[in-house]
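Hi,

Here is the structure I promised to pass on to you. Have a look at it first, and then read my notes below.

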Amino acid sequence: MQRAGLIMMRVSAGLFAILIAAVLAAGAGAQTVDPASPPAQVRELLKLLGEPAVRDWLNEESRKLPAAQGQSSAAERPSQLAAERLALARARLNRLGAVVPRLPDEARRGAALLGRELQNHNPLGIVVLILGFPLLGLGAEWAFRRGTRRARERAEHAPYDSVAHRLRATGVRFAFGLTSVVVFALGSIGAFLVFEWPTLLKQIVLAFLVAAVAWRVAILLGRLLLEPRLPDDKHAPRYRLVPMSDEAATFWHMRLGLFAGWFAFGWATCEVLATLGFSQDAQRLVALTLGLGLLALAIEALWRRPRLHRALHEEPAGRRQREALDWLLTAYLIVIWLLWVLGAWGLFAIAIVALVLPVAFSVMNRSASHFLRPANDDVSPAQSASLTTVYVERGLRALIILAGALFLARFWEVDLVQLTGRETPLTRLVRGAFSAIIILLIADLAWQVLKTLINRRLATAHG
């Protein structure tokens, strides 16, 4: 440390001597210096620069200089980033406004493109093709369900008391439902193998087929969780993973099905527009318009959702609290849609995760506790709590958090694989956040396990 300080003092002295010599030379004016014979101060400086310690110190300082410049530019980045985002949002709105008068022309061009491809085909044959592919899929699914009717009936009457029985019954019901969807998809795809399709029409029909399959899978998952009661169905409540009333289960199953269907077929519509040659701005405008439908469905479900605590909401104070919460959530949903319109994808992703994550945690905790309850329901909560429930709940919570992190990384355009090999302030921040989350999850798991063991020991001692 002392040697480094001595070197710095010597370098500074040399530079100062050079400056003094230059000033004196300028003041004298008449004195000239032979260029072949540098001054003594310059020779001293060159001698200092030739020392290995000085060269190492200068190299180290030169490496620090870009980092300091990067920190100064990072300090200016937030304001610059905000200005750029505002400019991009304004440009996006201008493009969307400019595409409105062009939308009819683009629709006519797309229709003309499709018409030119179909002009050499029989219209009746086109109708048969379009109607044939879902009919073949539905026919294959009907045959499968008819062939497995007795097996499904035996599964319906299987015992459902213990955790093992519930796990087996849920797995069998999900397997039958998923196989039905797969059979429908394979039967529909068979239409593309049997008949000759125009290229453009095939792409359009395949887009809606993918949307239909995705919608069916969403309905299957919703039914697995909610299991709405159908007419003459006596077994629906016991298969319901999320504990709630029949009214609430039917309500949410219908709304989630409508939301998933609107989203899936809206996505397929945008894919069809791209196939027909619509511009990206026109596709965005149609997508945002369809997004208004998603917004309307979410707001309608929010205001008409069944009341979980009727006695509380019958009071004036309870009704006011509910209405205030509904208005706040309505404004929040509108803000999410506006962020989508403006293209503020980072804030949009954060708003979605902040809305969905608490709901997912609540549904997951209630489902796990209900599904993993012991055969005898007439026990205290301390006795009914088990380590298996804790492990399942915390494992599912970790998966939900991981899914939320991947969702945010996707919209923030963060490559998590590349971040592990870089050493920047951003990578250190991301790694620190992930480390903090992992520590919190482990601490939460340890606390829940300890609390469960203590409650069980106290329950055994008092019993």
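Let's start with a term you'll meet all the way through: a residue is buried when its relative accessible area is under 20%, exposed when it is over 50%, and partly exposed in between, using a 1.4 Å probe and protein chains only. The areas themselves come from the Shrake-Rupley method with a 1.4 Å probe, and for residues only the protein chains shown count as cover.

Two notes on where the values come from. This is a predicted model, so local features need pLDDT of at least 70 and side-chain atom pairs count only at pLDDT 80 or more, while totals for chains, interfaces and linings use all residues. Residues are numbered from 1 along each chain as its sequence is written, and side-chain values use heavy atoms, with hydrogens and water left out.

One more term before the tour: helices (H or I, at least four residues) and strands (E, at least two) are DSSP runs, numbered from the N terminus.

**A buried threonine**

Take Thr330, which sits in helix α13 (residues 316–342). Is Thr330 buried or exposed? With a relative accessible area of 7%, Thr330 is buried. A polar atom of its side chain lies 2.7 Å from the backbone oxygen of Asp326. For reference, a polar contact is a pair of N or O atoms within 3.5 Å; within protein, one must be able to donate a hydrogen and the other to accept it, and residues adjacent in sequence count only if both atoms are side-chain atoms.

**Salt bridges**

Side chains of opposite charge can pair when their charged atoms come close. The rule used here asks for a side-chain nitrogen of Lys or Arg within 4 Å of a carboxyl oxygen of Asp or Glu. By that rule there are 15 salt bridges.

One of them joins Asp281 to Arg95, with the closest N and O atoms 3.4 Å apart. Since Asp281 belongs to helix α11 (residues 280–304) and Arg95 to helix α3, this pair ties together parts that are 186 residues apart in sequence. Asp281 is buried at 16% relative accessibility, whereas Arg95 is partly exposed at 36%.

Asp281 also forms a salt bridge with Arg284, and here the closest N and O atoms are 2.8 Å apart. How many residues separate these two along helix α11? They are three residues apart, which puts about one helical turn between them. Arg284 is partly exposed, with a relative accessible area of 27%.

Now look at Arg173 and Glu227: their closest N and O atoms are 2.7 Å apart in another salt bridge. Arg173 is in helix α7 and Glu227 in the loop between α8 and α9, so the pair links parts 54 residues apart in sequence. Glu227 is buried, at 3% relative accessibility. Glu227 also has a positive phi of about 45°, although it is not a glycine. That is worth a second look, because most residues other than glycine have a negative phi.

**Patches on the surface**

Patches are made of residues with over 30% relative accessible area and no salt bridge; like charges are joined within 9 Å, and nonpolar side chains (Val, Leu, Ile, Met, Phe, Trp, Tyr) within 5 Å. Lys and Arg count as positive and Asp and Glu as negative, while His and the chain ends are not counted. The place of a charge is taken as NZ of Lys, CZ of Arg, CG of Asp or CD of Glu.

Which residues form the positive patch? They are Arg146, Arg149, Arg150 and Arg154. Helix α6 (residues 149–156) gives the most to this patch, with three residues. Arg150 is found in α6 and is exposed, with a relative accessible area of 64%.

There is a nonpolar patch too, with about 740 Å² of accessible area together; its members include Leu136, Leu178, Leu193 and Phe195. Helix α7 gives the most here, with six residues. Leu193 is found in α7 and counts as exposed at 71% relative accessibility.

**Two pairs to find on screen**

Gly171 lies in helix α7 (residues 163–194) and is partly exposed at 38%. Its C-alpha atom is 9.8 Å from that of Leu224, 53 residues apart along the chain.

Val100 is in the loop between α3 (52–99) and α4 (103–118) and is partly exposed at 47%. The C-alpha atoms of Val100 and Val286 are separated by 10.0 Å, with the two residues 186 apart along the chain.
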